[in-house]
Amino acid sequence: MSFAAEAIHLDGESGQPIRLTVTVDNTHQSLTGPGLHWPLNTIRELPDTAGGDLVILSRTENAVERLILKDSAIRAHLPCRRRSAPVANRPLLLKWAAAAMGSVALILFVLVPIMADQLANYIPPEGERALGQVTLNEIREALDDSGLEPVRFCTDPDGLTALRRIEARLSGEADLPVEITVHILDHEMVNAFALPGGHIVFFRGLIEQAGAPDELAAVFAHEMGHVASRDPTRHALRSAGSIGVLGLLFGDFAGGAVVLFLAERLIDAQYSQTAEAAADVFAHDLMRRAGLSPGALATIFERFAALDGDTRTFMQHFMSHPALGDRIERARRAVPAGLLPEPLMGDADWAALQTICSRTARN
Amino acid sequence: MHSEERLSASTPEGGHIEVSYAGAQGPMFALMLKTGLLTLVTLGLYRFWQKTRVRRYIWSSVNAGGDTFEYTGTGLEKFLGFLVAIVFLAVYLGVVQMILFYLGLNIMVDTDTADEGDLIGMVAASVISGLAVLPFLLFAIYRARRYKMARTRFRGIRLGMEKGAWGYVIRAMGYGLLAIVSLGLLTPLMTFRLEQYMTARSYYGSTRMRQDGRWSDLYAAMKHVFIALGILLASGFLIYTGSESDTIPKIVLGVIAMLVGYVWIFVGAIYYAVQSFGYLMSHKVLGNEIRFAAEPRTGTVIKTYILGGLLLALLSSVVFGIAFALAMPFLAGIESLFADGEATMTETQIMTRMIGAGVVVGIGYLVGLVVMQALTMILITQPVLAHYIGTIRILNPDALDRVHQRAAEAGIDADGFADALDIGGAI
């Protein structure tokens, strides 16, 4: 079977297209024409071409030469027309890939944390407090289910008085860089956290789940540990740096924001493990000095563990409080022999604290 | 692609050839969808190959007198360029972002209690943080155009552009500052000089390009912006005098005029973009003998934006509606739990179904975004591009036959900086 067709030859040297007739030479396995000899197995077809009524051919030995045919029957004679070009510059590619990975690792795991730690010490207190306030308002809005107003603060006066007792007992023994501001949010989440500028936030869920005042005091002491080491501020600085770099990596594709968020969470969880452990140690120490048992931290952690159940295994990677078992163990070991805890408050105060959300306010 | 003319008749009539765009909606949609989904499953890695394939399709759709353009860039070189950009930008961006955040915190204030001075300080800080990346953005703009030129071929002859990205950065910042200081009055100077800078460094084969014309001629393209500003000024005057003298009709008229002026300024900006492109294209000269003509119509471009935008809005509700509808079977039966209070499912069953619904909605959302990107391409980007290209004519095209090849360029950064800094848009 022989093949002949009209074609345009672009020699890649001049801009003038040359019309000619090409034939498939089966004995030499090549495409030939006047002054033209292309071995069939070196011929490639350009992909993703619009229109589809033209066949544009190139050959592997020459980057610029082209043959343009209208007769698509030529395709049957070209065994390698779809084969992609071999990866050129493989060593160069590997070199830059390694350099890029090194650069990203350097910035994410060395420079950003070091700078965040240093900068956190120099942030003026007013700026830090304002950041905490803005973050708190964002959290209140994000957690709102009604869509009407931010999550409300719990303000029962008796409950607040009881809470002050815990605060007074602990802060007398803790040497904190900033003044503490405590907020209780009317939300069922069993959690508490510290924000930049000494804001400590408890959720109603946590207060209701706690079995005794000491347990709340233990969580309080743990959050004070975060305030002492300025973890929330360092965390915010770190996120700002990491997100800048991660945005660069994942680009602007659909869902890039989701991947970016998850990657940031994963990196953050790594940082946080050490921060959590340090806050625990701070809490053990503070509880002892305040005449309370560090074992209370273990008790409330056990309540968390019971609540979380088996969802923990998967979620662990995305949460900043992993390996609860170890932390319970360490809290138990921190209890000094023969410790007699001084009670924090009476039953009436404790009851008031547990119902602190019987009255709420918007601000 | 219309090859008829080339294969049958060799000399174009009247000393000019028309440029046309042959890309169709169907194949482009299929290409965008396929490559978009691949980008999704590769967590964004395939985007370099996606960009390459889409450009190949677009370039091959541009037909001048029977010959089509060819895009010879590769995904791999873009990936390499991305790696290079990362090496240079990762440390810079990470450090700069954090320092800016730190500086921002130093002057951060509680918006409820802050006074004006503090707020102005905050705004100034965010402007400064934008300026920190600006030189890189401008650098990336030039490099990206140079890369695209170097990977474009017509009749087998390479296009190309000389080095000069930093010169572009300096000029763009200078003219940009002039435009800002003059309250936008010197925008034509900026547009013209920057285009002139790039054109003077552009080649087809070994033949150099030149930008003729005068920058002040671009004021004709600014006319609708000026009309809009006039209307806005008048509306401000009406509202001010109306409220001074408590004449309600004056205020109402002023507000209406303000709305009109607001819409007009958008139209004016599009008019400027379209008409300045036409002017600049019509005053380009290749090798002293080949000239171009372009008459893009603002009305067509605006119509495409409006109709395409409306259609997109409509289709997006369909696309995302389907994504949510697919999640519905998982939730069936769950609402009855709340209705009669009798548990018909175990807690694990409920959890499984909720997670199932979440996963379906999540995937549906991401796929929906890919579909929307593909639709935007075929409803807005491609039609606008087709219109621009379709109005171009090449005058004295016989001289194209005498152009000779230029050497290949091998910059390793491709358009990696543009990719890393998210510029360059759809193509």
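1. Strands β9 (residues 290–294) and β10 (residues 392–395) of chain B pair in the antiparallel sense, over four bridges. Within β10(B), B:Leu395 is the bridge partner of B:Arg291. Note that this is a predicted model.

2. That pairing belongs to a barrel in chain B. Ten strands close in the order β1-β2-β3-β4-β5-β6-β7-β8-β9-β10, with antiparallel pairing. On average, neighbouring strands of the sheet are turned by 25° against each other, direction ignored.

3. The largest nonpolar core has 95 residues. Those with the most contacts inside this core are A:Leu237, B:Met28, B:Tyr168, B:Tyr204, B:Ile394 and B:Leu400. Helix α4 (residues 75–106) of chain B gives the most to the core, with 13 residues. Another core, of 46 residues, lies apart from it; among its members are A:Ala221, A:Val227, A:Leu324 and A:Ile356.

4. B:Tyr204 deserves a look. Leaving out residues up to four places away in sequence, B:Tyr204 touches B:Phe154, B:Arg155, B:Ile157, B:Arg158, B:Leu159, B:Leu286, B:Leu400 and B:Val403.

5. Totals for chain B. The chain has 13 helices and ten strands. Of its 427 residues, 44% count as buried. Among its contacts between residues at least 6 apart in sequence, 75% join residues at least 24 apart. Chain B exposes about 20700 Å², and carbon and sulfur atoms supply 70% of that area.

Technical notes: Residues numbered from 1 in each chain as written. Chains lettered and ligands numbered in written order. Predicted model: local features only at pLDDT ≥ 70, side-chain atom pairs only at ≥ 80, totals over all residues. Heavy atoms only, no water. Pairing = 2+ DSSP bridges. Helix = DSSP H or I, 4+ residues; strand = E, 2+ residues; numbered from the N terminus. Axes fitted to C-alpha atoms, helices over the stretch in contact; angles between N-to-C directions. Core = buried A, V, L, I, M, F, W, Y, C linked by side-chain atoms within 4.5 Å. Buried < 20%, exposed > 50% of the residue type's maximum accessible area, 1.4 Å probe, protein only. Contact = heavy atoms within 4.5 Å. Areas by Shrake-Rupley, 256 points an atom, 1.4 Å probe, with all protein chains shown as cover.
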